[in-house]
Amino acid sequence: MVALKFALREIRFAFKQFRIFIACLFLGTAIIASVGSVTTNIAESLARDAQMFLGGDVEIETNQRTLSEEEMAYVVQRAEEVSLVTELRAMAHTDGFTDSSLIEIKAVDELYPMFGVLETSSGLSPRELLDQKNGRWGAVPAEAIATRLGLNEGDTVNIGNVAYEIRGITVREPDSSSAGFQLAPTIIVSQDSMEETGLITFGSLVEYNYRFKLPDGADSQLFEETIKADFPESEWRVRDKTGGGGQTQRFIDRMGQFMTLVGLTALLVGGVGVSNAVHGYLNSKTNTIATFKILGAQSDTIFRIYLYQILIMAAISISLGLLAGGSLPWIFADYLESKMPIAIAREFYFGPLAVAAFYSILISLIFTLWPLAKAKNISARQLFRITISDPQDENLPRGYIYTIIGMATVMLAMVFYTADYRELTGYFIGGMLASFALLLGTGYLVREGVSKLPRKFSPALRIALSNITRPGNSTLSIILSLGLGLILLTSIALVEYSLESEIERRVDTDAPSYFFLDIQKADHDEFKAFTEARKGISLYRTVPNLRGRITHVKGVPADEVEVGPEARWILRGDRGMTFTDELPEDNTLVFGDWWPADYDGEPEVSLSYDAYQALNLAPGDEITINVLGRSFDVKVRSAREVDWGGFGINYAMMFDPKVLSDAPFTYVGTIKSTNETEAANYQAITRTYPNITTLRLKEVLENVQVLLEQIKGAIDVMASITIVAGILVLSGAIAAGHKGRIYDSALLKVVGATRKDILKAYIFEFIILGVATGVVAIILGSVAAYGIVVGIMEMQWIFSLDIPLLTVIAAIIITMSIGMFSIYKAMSVRPAQVLRGV
Amino acid sequence: MTNDIILELKNIHLRLKSNDFEVNILNGIDLKVVKGKAVAILGASGSGKSSMMSVMNGLERQTEGSVMVAGHVLDRMNEDELAMFRRDNIGIILQAFHLIPTMTALENVAVPLELAGVSDAETKAREMLTDVGLDHRMDHYPTQLSGGEQQRVAIARAMAPEPKILFADEPTGNLDGKTGHNIIELIFRLKDKNDATLILITHDQELAEKCDEIIHIEDGLITDNSHVHENEGKKVAE
């Protein structure tokens, strides 16, 4: 109680010294709390309207097949209502075929939507929007495609053989978030109109979504489990409403975790500021602590007096952070609702706020226990000696070190344990800790290195060097606080540079201009003749395309085969496959040989090397493939190194020319067109072959660019927050040395230094620290970027010297700008003013 | 006579390490102080008088020798035991006052009482401040007090727990002549009132004369340990 009483007395005057402490903890807490609150709000909204997002209580998705009679009879018996939504990619053409674009068709029946409301610009009901009226079917395009093709209500859009009438533009599609990744915007049409389009033919990549409304009180999860158990062989994907929200939920989860890591980084950087602030505060309290000891206070009492003060300050900062973070869903609710088809709950959720508070309290303790432990050891004799350095830290009980390590471990374990993407989180934590340790090491090296330099330089440089090494210097804090943010900035800039350079390089050299899907066998020769005859066309390439899946590997059923998560895709559902007698130009054989042109032996397959390795295969091993319901065994003949990052058509599985040649298939293809002819050729091809789906590289790249910009935006936010936290810490570190600078400056003036001399000394000091921090940031940032580009993205490493140079300049500018206030004050001080106060 | 000894130093040596070399501060001090007496320690700057006092009150640990104060041998006490020993037995007044800047005069005086768990600490602190003539300054912070007032608060704080021994290290060093005189009067009045022993460090021969004994110290050694106060006619410092 006495300690608390003393703490409350002392804290009345402590707020000024705790400004950086409060700002750092507030920032970190607010970010983590806001991320948690926003994601929980969205998750709650998604859970509340789960039926709407999924489109039903349960959904069964099939590819290229409708439900069998037996399957249908099973569900009809158990569901109150069954609605069908059919999705496939196609081309939409304006009236007169003047313009075309890739779209996703969403064909719906009369029950659509079973849950929620389809909002459109015209406000008509789904039936009025889509049904045949005066011999014409209606269509509702998404705003993106309406804008792209200049479509308005009343206009015509041609899809396949049908000329649809636009009867409204989508404002809100209730079940849009359950769709997977979409290459193109959606146009909603009636299920009944699909037959007339002629788009659903053999081999079309069509997806059927059967949505069921279950009787009241029925357990959707149980339904999902039962149907899977009753039809173990059926090829479908069953989802119930508890997994609703699909893509949106996954996106939110991913962003949430990413941003939580950002918050933790800010908190970690802020921890340095917290530690500095407490260190500075306790240093200023040396005499008070010594006085307490003279008056009979024990070390534990001292420890508690200052621990309580720190906890009070932390409680204030964290509460403010939680309030700000928890209120964010209210502040951004309207914005989020405009971006996502959900109504934000606008509620305070205890869970995410508790997590944020937990992390922040741990960070406060981890970073303050050390200075606290040092403070409790301050001896009463401190009052009799002039000290300019820290109190001695001899005899620090090991218990504190163990406690700090224990708390740090608990925190990291919790971050890791709660993460869904543990590998990424692990890399992130590892990278952060390594950066932290290396920056700290650099700080020591700079200090030690500078202290060993001969002092034969100009007086200004000598003063600068002394400032870096003198007792109570801020060298470590400056390098640490600025370094983490700069490492992030450098690595991000280098990764972006590599990525953009690589895309540009590939586009310039081998990238095709168009990709074609669903070229029917019957059209193939004519299509080839037509396109090759066009001006500016080159590199025509088409390959047969089928879909099938691996059912067994060396006799083991696919779902029992052990593969890592990164290679699970090979065994998951249907995959594209082809057959050919030619090894693609951009593939190289790792082992085995290619089939001779007139191969007529046993069924064989060539696998991509990554698939071959993931499935743990050896030459001659057997795998079982199912194509359109027919199973057959094939032997592994060769493995190819495939450049998945390229723009060419590539397959994990390529079969010998004979085995699949009789199966029904379509062709996919690529063509390169010169820049001058690209637009005209696109128009001519899409107009002549309106039913062949054509992807334009230009548009794909634009979409990729948009995606990259969004990712870049999120990463930039992360770097900015870290930099802001770093700047806060830096300001604290420089402010801590401010009093000393003024005193030094006054003394230097007494002995004849001019303001220019003093300015030069400080500029040298900040340049040395800026360069040191910048150089470390370049090295660590480059290593991180190299790891991401080469290790994770498996792309070519392209380095630019501009970025590191900019990093160093940024480091110098930031330190100088923050230090300028201190420098200005130090330069303008009148010696008598300072010396009178000594 | 032995029972009356409240402080005893035996062969005290103090050596402090500074970077590469060692400095001998105290070079074998032997001293006995009788309970209730006022002892002045006189010596030039750097002679070792403050260090000697620090060893006496447990602020500094001697390199060699033994210290007994108020029946306690300090030699093997750790920092916390020393703090408790000070809390229960001694009061210290320093030249630079060393009040806690974030506490009012009243709170400063209450600190040692609160640390000792005295239930009516505030009432006692009020009485103490009234006793030193600062009843009108109770709620003032140190920066709002003059030097003399600050030293009176420090004296009140040192005397509040009714210590057996009062250590005063140049208590008037930062004050003008008249204020210094008043402070000395106050210290002696309170010492007599509480029947405490006073150890006073000073440069001032005239002030030293007010004490029962005077010890001269030079280069860490007691050079005149036989001075006997004329009025008392007793020899206590050996």
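User: What is the mean pLDDT of chain B, and where in chain B is the pLDDT below 50?

Analyst: In this predicted model, chain B has a mean pLDDT of 85, with 92% of its residues at 70 or more. The pLDDT is below 50 over residues 228-238 of chain B, a stretch with 19 contacts in the model beyond near neighbours in sequence. Where pLDDT is low, the predicted coordinates should not be read in detail.

User: Where is confidence lowest and where is it highest in chain A?

Analyst: Chain A averages a pLDDT of 82, and 92% of the residues score at least 70. Confidence is lowest in helix 24 (residues 831-836) of chain A, with a mean of 64, and highest in strand 5 (residues 138-141) of chain A, at 95. Residues 386-394 of chain A stay under 50, yet the model gives them 14 contacts beyond four places in sequence.

User: Why are helix 21 of chain A and helix 23 of chain A called roughly parallel?

Analyst: Helix 21 (residues 738-750) of chain A and helix 23 (residues 802-828) of chain A pack at an angle of about 30 degrees, their axes being 8 Å apart. Angles under 35 degrees count as roughly parallel, and therefore helix 21 of chain A is roughly parallel to helix 23 of chain A. Their crossing is right-handed.

User: Which residues meet in this packing, and how do they divide by type?

Analyst: A:His738, A:Arg741, A:Ile742 and A:Ser745 of helix 21 meet A:Ser822, A:Lys825, A:Ala826 and A:Met827 of helix 23. These contact residues comprise 3 nonpolar, 3 polar and 2 charged.

User: How many residues does each chain bring to the contact, and which helix of chain A gives the most?

Analyst: Chain A and chain B bring 22 residues each. Helix 1 (2-11), helix 10 (286-294) and helix 11 (299-339) of chain A each supply at least two residues of the side that touches chain B. Helix 10 of chain A gives the most, with 5 residues. The side of chain A that touches chain B divides into 8 nonpolar, 8 polar and 6 charged residues.

User: What ipTM and pTM does the predictor give the complex?

Analyst: The complex receives an ipTM of 0.77 and a pTM of 0.71.

Technical notes. Residues numbered from 1 in each chain as written. Chains lettered and ligands numbered in written order. Predicted model: local features only at pLDDT ≥ 70, side-chain atom pairs only at ≥ 80, totals over all residues. Axes fitted to C-alpha atoms, helices over the stretch in contact; angles between N-to-C directions. Helix = DSSP H or I, 4+ residues; strand = E, 2+ residues; numbered from the N terminus. Parallel < 35°, antiparallel > 145°, perpendicular 65-115°, else oblique. Left-handed = near helix turned anticlockwise from the far one by under 90°. Contact = placed C-beta atoms within 7 Å. Nonpolar A, V, L, I, M, F, W, Y, C, P; charged D, E, K, R; others polar. pLDDT = per-residue confidence, 0-100.
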